[in-house]
Number of protein chains: 6
Amino acid sequence: MPDFSSFSHFKVTSPSKYVLHVEVARPQKLNSFAPTTWRQLGDIFNLISSDSRVRAVILSGAGDRAFTSGLDLSPETLALLSGTVKGEEPLEEERLRFYKHRVIKDFQDSISAVEKCRKPVIGLAHGVSYGLAIDILCAADIRICTSTVRFSIKEVDIALAADIGTLQRFPKIVSSQSWFKELAYTAREFGSAEAERHGFVSFVATDKQDAFEKALQLATLIARKSPVAVQGSKHLINYSRDRPVQDGLDYTAAWNSFALGTDIIQAATAAVSKKPIVFGNL
Amino acid sequence: MPDFSSFSHFKVTSPSKYVLHVEVARPQKLNSFAPTTWRQLGDIFNLISSDSRVRAVILSGAGDRAFTSGLDLSPETLALLSGTVKGEEPLEEERLRFYKHRVIKDFQDSISAVEKCRKPVIGLAHGVSYGLAIDILCAADIRICTSTVRFSIKEVDIALAADIGTLQRFPKIVSSQSWFKELAYTAREFGSAEAERHGFVSFVATDKQDAFEKALQLATLIARKSPVAVQGSKHLINYSRDRPVQDGLDYTAAWNSFALGTDIIQAATAAVSKKPIVFGNL
Amino acid sequence: MPDFSSFSHFKVTSPSKYVLHVEVARPQKLNSFAPTTWRQLGDIFNLISSDSRVRAVILSGAGDRAFTSGLDLSPETLALLSGTVKGEEPLEEERLRFYKHRVIKDFQDSISAVEKCRKPVIGLAHGVSYGLAIDILCAADIRICTSTVRFSIKEVDIALAADIGTLQRFPKIVSSQSWFKELAYTAREFGSAEAERHGFVSFVATDKQDAFEKALQLATLIARKSPVAVQGSKHLINYSRDRPVQDGLDYTAAWNSFALGTDIIQAATAAVSKKPIVFGNL
Amino acid sequence: MPDFSSFSHFKVTSPSKYVLHVEVARPQKLNSFAPTTWRQLGDIFNLISSDSRVRAVILSGAGDRAFTSGLDLSPETLALLSGTVKGEEPLEEERLRFYKHRVIKDFQDSISAVEKCRKPVIGLAHGVSYGLAIDILCAADIRICTSTVRFSIKEVDIALAADIGTLQRFPKIVSSQSWFKELAYTAREFGSAEAERHGFVSFVATDKQDAFEKALQLATLIARKSPVAVQGSKHLINYSRDRPVQDGLDYTAAWNSFALGTDIIQAATAAVSKKPIVFGNL
Amino acid sequence: MPDFSSFSHFKVTSPSKYVLHVEVARPQKLNSFAPTTWRQLGDIFNLISSDSRVRAVILSGAGDRAFTSGLDLSPETLALLSGTVKGEEPLEEERLRFYKHRVIKDFQDSISAVEKCRKPVIGLAHGVSYGLAIDILCAADIRICTSTVRFSIKEVDIALAADIGTLQRFPKIVSSQSWFKELAYTAREFGSAEAERHGFVSFVATDKQDAFEKALQLATLIARKSPVAVQGSKHLINYSRDRPVQDGLDYTAAWNSFALGTDIIQAATAAVSKKPIVFGNL
Amino acid sequence: MPDFSSFSHFKVTSPSKYVLHVEVARPQKLNSFAPTTWRQLGDIFNLISSDSRVRAVILSGAGDRAFTSGLDLSPETLALLSGTVKGEEPLEEERLRFYKHRVIKDFQDSISAVEKCRKPVIGLAHGVSYGLAIDILCAADIRICTSTVRFSIKEVDIALAADIGTLQRFPKIVSSQSWFKELAYTAREFGSAEAERHGFVSFVATDKQDAFEKALQLATLIARKSPVAVQGSKHLINYSRDRPVQDGLDYTAAWNSFALGTDIIQAATAAVSKKPIVFGNL
């Protein structure tokens with residue numbers, strides 16, 4: 001496993017072979033995200049993406065109270081967002097807005113790193129899961145939650161149209177646009193039952209420990225499959241989501257024309273011989 | 001509130017501050033749509049879109065029997081659709097078809113005005129909700145219905161592939177394409193239970209009064225949020241629905257780079273002080 | 001009805017006027033697909049598409065055990081997939097990969113023929129419905145299954161990212177991406193209850209006979225509607241799925257400007273007179 | 001011909017049957033565009049678009065000195081652009097930016113009305129043709145100019161990225177992106193020779209009178225063709241420009257399936273009999 | 001070489017190794033296209049596309065007078081276009097329009113076969129090159145012409161918006177939209193000088209013999225290159241034309257990940273050794 | 001200016017205020033690109049993109065003989081491309097192809113950094129400008145060359161379909177697709193006259209010194225304009241190139257709603273006062 005010890009806002013462990021567990025590790029602050037937090041999130045998932053020893057990732061929040069409460073409204077965050085640097089003259093209006101544009105783009109890129117990570121990511125939500133929590137979970141592949149989770153698309157409550165992923169991804173992963181728009185316009189809380197009924201999560205656990213066990217079981221199962229097949233599937237699903245069916249098929253044909261190879265023969269042989277099989281890293 | 005008294009087929013009232021209630025007001029004709037009706041629908045929502053005093057809209061049908069039974073097959077409608085003008089020579093074949101093309105486009109634009117309206121629209125369906133009813137409800141943001149509503153994608157029963165929005169929007173707002181295609185090919189009725197299970201509506205009320213109270217409660221809640229956030233969310237959701245996730249993110253970044261401002265500071269201050277906040281119009 | 005007797009891997013019958021029943025007819029091999037099977041599938045649906053006497057199609061698998069178990073891993077299939085021709089020199093590496101590219105494209109086209117067929121297709125799944133079964137069902141319009149069906153997106157178990165349609169179509173026809181990705185990455189089985197809850201199927205029958213009766217009832221109902229309306233709806237739904245709402249509307253306006261005609265007048269007259277109506281073929 | 005006399009900033013005449021000549025008629029101000037001017041431009045072309053008696057349009061600037069020098073920087077314009085209304089409190093920052101957004105969109109729509117007009121538009125440039133002149137000419141179909149015309153993509157000289165059409169349309173209608181970007185970044189003048197060499201204009205006249213005669217000859221020739229064919233061509237060319245070739249072909253097939261009719265038979269008959277033919281209006 | 005002798009409207013020869021010469025062979029009818037002609041055109045290019053022995057194609061018209069004068073307005077053509085079959089009742093209006101829709105789509109597909117053919121196609125135009133001639137030449141890769149060629153986008157002269165490719169492809173392959181629209185709206189003739197200046201053709205020959213020699217020299221040169229590189233280039237250029245640059249890059253990366261192989265090593269070795277190299281077929 | 005001294009394959013200087021000159025500095029190897037070279041190219045342009053002190057960039061090759069001859073076929077390059085690492089086992093076939101896929105993507109990203117750089121880039125070509133030279137020049141904004149430059153889309157000569165940008169960008173920046181495809185399929189050399197005639201370059205200089213002076217004059221002129229306007233123009237042009245005109249307009253309206261500000265007022269004031277103006281960095 002790579003060394004993640006320099007990431008001060010996260011704890012990264014390997015609960016089983018090929019599987020990483022990434023925890024937002026600021027429980028005393030409800031795992032809220034300062035600029036450092038979101039940058040580290042992006043950096044960690046970029047690292048994982050190109051580490052061939054990892055095959056599945058679990059993403060959760062440390063502590064009992066929250067996956068994340070959203071943005072950390074500390075002075076550091078406010079200074080970043082407002083573009084003020086101590087001792088420097090404030091930017092004039094339009095340059096300040098260009099500055100904000102770049103902050104938003106960087107923030108978006110950090111969240112998108114979860115989606116772009118080649119390995120499947122299982123998001124585990126518990127406790128307070130507000131605002132940014134939804135953005136991040138939408139960028140994960142599989143979502144599970146505890147029965148007592150408290151979700152909210154919180155942004156309109158701070159007078160903001162959500163701008164780092166929820167408005168783009170949430171409607172494409174759930175079953176009811178009427179329900180989604182109600183949540184987006186009112187910022188009301190919703191719980192595990194609604195989240196499951198509308199497909200936002202695919203498993204509701206009794207508590208956080210139970211949720212982690214479910215996540216680990218899924219991650220371990222995925223990690224036993226051919227990484228060529230699993231990572232190819234993630235890439236092709238995301239590619240196809242954004243395009244006409246025929247474009248997805250055309251790209252997939254090109255992709256599999258190079259990606260098909262020895263793993264298939266191994267898998268076929270194993271199927272016949274009933275012997276376990278260990279695929280090479282990718 | 002603007003003056004809507006000249007719209008003869010509609011009744012427009014303001015049940016609470018910032019909220020408008022638009023009713024199709026032809027109950028004796030099951031609120032069916034003559035050409036005048038659909039043009040007025042478009043004009044009303046275009047007006048609302050640019051009226052900064054409005055923040056949420058409820059759209060329903062007057063009377064007990066129907067949201068709308070669909071097209072009003074009166075002589076006026078038939079004359080419009082067939083391109084015949086009293087006392088004039090009939091159009092030759094291809095010019096007649098050009099004429100029909102323009103009628104369809106105009107009709108589509110009237111329905112799309114509900115979707116393009118900057119303010120959230122809550123559609124309330126009850127009784128007979130056939131054909132055009134589905135087209136209009138699909139263009140609304142949030143859908144609620146009474147328990148006894150009778151929905152039908154009715155168009156194939158008049159030998160028509162639905163052409164003013166249902167085939168485009170319905171499949172993008174519900175959860176099951178298999179269910180949708182069955183409805184579209186058979187025109188069979190479906191009720192509130194199916195509509196809720198598949199996400200077409202997000203609330204089922206016991207009766208029309210109950211439905212209106214739910215709608216008003218939602219509209220009032222939305223009207224209290226920052227209109228910058230709410231209207232931005234509607235615009236960005238609709239923009240992103242039609243595009244790849246990354247295109248949605250890019251546009252959103254540009255949008256929020258001009259839309260972020262004083263409302264956020266007010267909202268943050270209010271959150272700390274626990275004092276109510278009144279946002280400016282937009 | 002056209003003559004389908006030359007298609008050795010299929011049985012095609014007409015259980016009622018305008019309705020065809022296409023059965024994969026290799027029950028002794030669990031209806032698995034050899035190259036001959038998939039090419040015949042494509043050819044049959046291309047034929048049906050342009051046969052004006054057909055108005056609805058039921059697609060199922062013969063026998064009690066399986067809709068289809070997926071790819072038939074016979075020597076014929078393996079030879080095709082590996083690009084080896086008896087008595088000829090093997091292809092050098094890159095030409096072999098070009099060869100594979102063409103095989104994948106041809107295979108995709110055979111499955112897409114079900115979607116491109118102008119007539120609605122009702123897929124009936126029972127027993128083992130693995131891999132290819134999902135690809136084919138996704139290309140159908142309406143899906144029904146028996147209560148004991150055993151579905152699996154099986155491809156990762158043979159070290160393959162699914163490449164003939166499932167990754168493109170499945171996420172666009174069901175309600176939960178979290179659930180879909182779990183299925184795609186783990187290849188675990190799922191049954192009728194899950195399939196119904198997430199909208200993959202819209203009817204669960206007690207057994208295969210019951211399922212067929214439901215399918216036939218749907219097909220017969222569809223066959224009584226105007227084929228101009230039904231086939232237009234299928235075409236316009238598929239066109240609009242892949243494009244922005246406005247593009248779907250624009251194309252639909254052009255389409256209906258030529259497709260509207262006498263069937264509407266007949267349908268309107270029949271509605272008034274309450275007399276049955278028989279629409280012409282298309 | 002419709003009555004255009006209420007448009008104070010334009011002069012509209014009909015130099016020959018079916019042909020309109022639209023002139024920006026503020027020569028004393030170098031035909032610069034105040035808000036009234038651009039709104040009238042949009043209104044005029046919207047009117048022309050649906051007037052079946054018009055088949056071709058010539059667009060030019062009155063007087064000897066300029067097609068248009070660009071924006072009229074009068075107090076009226078500045079007040080509109082700055083969002084200040086006499087006697088009212090100034091808007092707070094973000095609402096001011098929303099206001100500006102709407103001004104830009106409205107301005108864009110006025111220019112786009114030239115492109116969306118169903119009838120072909122021939123743009124005639126002479127003298128000073130700066131900024132807005134380029135935006136408008138890009139929205140025309142055919143461009144001709146005098147030998148002494150002075151073109152400039154002037155916007156960067158007022159610290160502005162051109163936002164009403166030039167950056168979108170100019171690169172799609174000329175031959176060299178290197179040349180285009182040089183013009184866009186430097187705002188340098190270019191003349192008729194360069195404009196012709198790179199395909200921006202397709203005819204260079206000796207003087208304005210000569211240019212008008214060329215334009216009139218073209219317009220008259222176009223007006224003699226079937227309006228079904230000419231207006232269909234404009235619509236299909238613009239539709240196809242923005243889409244993949246196959247999408248353009250699909251839409252065109254649907255379009256011509258309703259647009260083909262009696263004009264073709266007339267045209268064929270006329271071709272045999274060598275007799276002149278007069279097509280009906282559209 | 002495959003056997004093309006059954007194609008009665010064409011003559012196909014092989015003027016040098018790997019090169020085919022396809023001639024429209026109805027000189028006595030100015031090589032005009034009857035339905036048989038365009039269907040054979042599509043069939044021939046589909047055959048060539050999958051024949052690995054062919055590496056480049058020259059397409060021209062037999063005789064001295066015309067590449068093709070366009071549609072052959074014979075009774076056979078008129079019967080096909082009008083949907084009348086001897087002895088059968090005429091179709092009612094809307095079914096007739098569906099019929100026409102299918103004829104247009106089939107006709108489009110025949111022309112598109114030239115573009116979809118995997119091998120580069122060099123179009124050689126001489127004499128009368130009207131209407132359909134432009135559609136076909138646009139689907140070719142490289143265009144050369146004689147100095148006396150007479151081009152015309154002729155469709156508006158028969159009251160038709162061109163519907164088999166010119167409106168889609170021509171503007172994407174030439175340098176001036178102003179020039180293109182003038183040609184499309186007026187149907188005026190243009191010659192070799194204009195065609196060359198605006199990039200429609202890339203070589204003007206003194207006469208037909210000279211043109212053929214130039215075409216053959218080009219075809220022979222192309223045929224000596226690696227077919228993996230040449231056919232990949234054609235495919236990737238056409239794919240990228242219709243998509244954003246980044247989509248083109250992504251698809252190209254997947255494509256070359258399977259297409260790169262032994263030819264490169266051979267080419268590199270040959271470059272060093274200065275020895276001629278013969279690439280394998282594809 | 002930032003410190004570029006660590007980039008061993010490049011020389012970066014500042015010939016005038018706000019202007020950078022980036023030179024490929026391996027003249028003894030004809031400025032051919034090793035992996036180090038292309039990675040440094042990407043890193044340098046990423047750095048420049050976010051350095052607010054730079055407003056325009058000139059990109060050229062050091063020495064008299066070549067802009068660049070293309071790929072440096074050194075052992076380092078071959079090892080990278082073939083995926084062999086000294087002392088490690090070779091990758092099995094499909095993993096090797098995944099590896100190649102990542103190399104191609106990384107290589108593409110390095111070249112695209114020139115296009116994504118926020119500041120305009122002027123490419124200066126002289127001498128041998130083969131293969132990679134074309135890819136890089138296509139990613140620049142403005143292209144100038146010496147009269148004796150020797151261009152070639154060289155890739156097919158090494159049995160390769162160009163995969164790092166030429167096939168995507170070149171056809172979108174020049175005037176004739178017929179000419180482009182001839183170059184792409186034959187790899188023949190072309191000189192400054194052809195390049196200018198078809199719009200690939202917009203200026204031909206007598207020699208390298210002359211070319212540099214022209215480039216510097218252009219860069220200096222651009223650097224004097226408002227960077228808000230210039231960088232906005234580059235961004236909006238590239239955005240709009242890949243999308244329908246209306247999408248470009250919509251995005252531009254959002255962009256300018258935040259980007260408009262004080263520079264315009266300064267520019268307007270300066271225009272009146274005729275005093276020089278110095279815009280702030282961006």
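Hi everyone. Let me begin with one word: a residue is called buried when its relative accessible area is under 20%, exposed when that area is over 50%, and partly exposed in between. Keep that in mind as we walk through this structure, which is a predicted model.

A:Asp263 and F:Arg95 are joined by a salt bridge between their side chains, with N to O at 3.1 Å. This pair runs from one chain to another: A:Asp263 sits in helix H11 of chain A, residues 262-273, while F:Arg95 belongs to helix H3 of chain F, residues 93-116. So, buried or exposed, what are A:Asp263 and F:Arg95? Both A:Asp263 and F:Arg95 are buried.

Let's stay with salt bridges for a moment. Over all chains, the structure holds 110 of them. Another one sits inside chain A, where the side chains of A:Lys154 and A:Asp157 meet at 3.1 Å, N to O. How accessible are those two? A:Lys154 has a relative accessible area of 29%, so it counts as partly exposed. A:Asp157 is partly exposed as well, at 28%.

Now please find chain E. There, E:Glu115 forms a salt bridge with E:Arg241, and their closest N and O atoms are 3.0 Å apart. E:Glu115 lies in helix H3 of chain E and E:Arg241 in helix H9, residues 227-241, so this pair ties together parts that are 126 residues apart in sequence. E:Glu115 has a relative accessible area of 12%, which means that it is buried. E:Arg241, at 26%, is partly exposed.

Next, the interfaces. The size of an interface is often given as the accessible area lost when the parts come together. Let's take chain E and chain D. Together they bury about 3400 Å², and 60% of that is on carbon and sulfur atoms. On the side of chain E, three residues supply more of the buried area than any other three: E:Ala159, E:Gln168 and E:Tyr185, with 20%. In residues, the contact involves 36 from chain E and 47 from chain D.

What holds our attention there on the polar side? Three salt bridges are found across this interface. One of them joins D:Asp141 to E:Lys181, with N to O at 2.9 Å. There are also 23 residue pairs in polar contact between chain E and chain D. Which elements of chain E give two or more residues to the side that touches chain D? Those are helix H3 (93-116), helix H5 (166-173) and helix H6 (177-186). H6(E) gives the most, with nine residues. By residue type, that side of chain E has 14 nonpolar, 10 polar and 12 charged residues.

Now turn to chain B and chain C. Here 35 residues of chain B are in contact with 47 residues of chain C. The buried area is about 3400 Å², with carbon and sulfur atoms giving 60% of it. In chain B, the residues that lose the most area to chain C are B:Ala159, B:Gln168 and B:Tyr185, together 21% of what that side buries.

The rule finds three salt bridges across this interface too. In one of these bridges, C:Asp141 pairs with B:Lys181, the closest N and O atoms being 3.0 Å apart. Polar contacts between chain B and chain C come to 22 residue pairs. From chain B, helix H3 (93-116), helix H5 (166-173) and helix H6 (177-186) each supply at least two residues to the side that touches chain C. The largest share is from H6(B), with nine residues. That side divides into 13 nonpolar, 10 polar and 12 charged residues.

Last stop: the nonpolar cores. In soluble globular proteins, nonpolar side chains tend to be buried together. In this model the largest nonpolar core has 165 residues, and B:Phe45, B:Phe200, E:Phe45 and E:Phe200 have the most contacts inside it. What does E:Phe45 touch, leaving aside residues up to four places away in sequence? E:Phe45 touches E:Val22, E:Val57, E:Leu59, E:Ala113, E:Val114, E:Cys117 and E:Val121. Apart from that core there is another, of 164 residues, including C:Ala133, C:Phe190, E:Val230 and F:Leu167.

Terms used. Residues are numbered from 1 along each chain as its sequence is written. Chains are lettered from A and ligands numbered from 1 in the order in which they are written. This is a predicted model: local features need pLDDT of at least 70, side-chain atom pairs count only at pLDDT 80 or more; totals for chains, interfaces and linings use all residues. Side-chain values use heavy atoms; hydrogens and water are left out. Contact means heavy atoms within 4.5 Å. Buried area is the accessible area (1.4 Å probe) that two parts lose on being put together, summed over both. A salt bridge is a side-chain nitrogen of Lys or Arg within 4 Å of a carboxyl oxygen of Asp or Glu. A polar contact is a pair of N or O atoms within 3.5 Å; within protein, one must be able to donate a hydrogen and the other to accept it, and residues adjacent in sequence count only if both atoms are side-chain atoms. Helices (H or I, at least four residues) and strands (E, at least two) are DSSP runs, numbered from the N terminus. Ala, Val, Leu, Ile, Met, Phe, Trp, Tyr, Cys and Pro count as nonpolar, Asp, Glu, Lys and Arg as charged, and the others, Gly among them, as polar. A nonpolar core is a set of buried Ala, Val, Leu, Ile, Met, Phe, Trp, Tyr and Cys residues joined through side-chain atoms within 4.5 Å. Buried means under 20% relative accessible area, exposed over 50%, partly exposed in between (1.4 Å probe, protein chains only).
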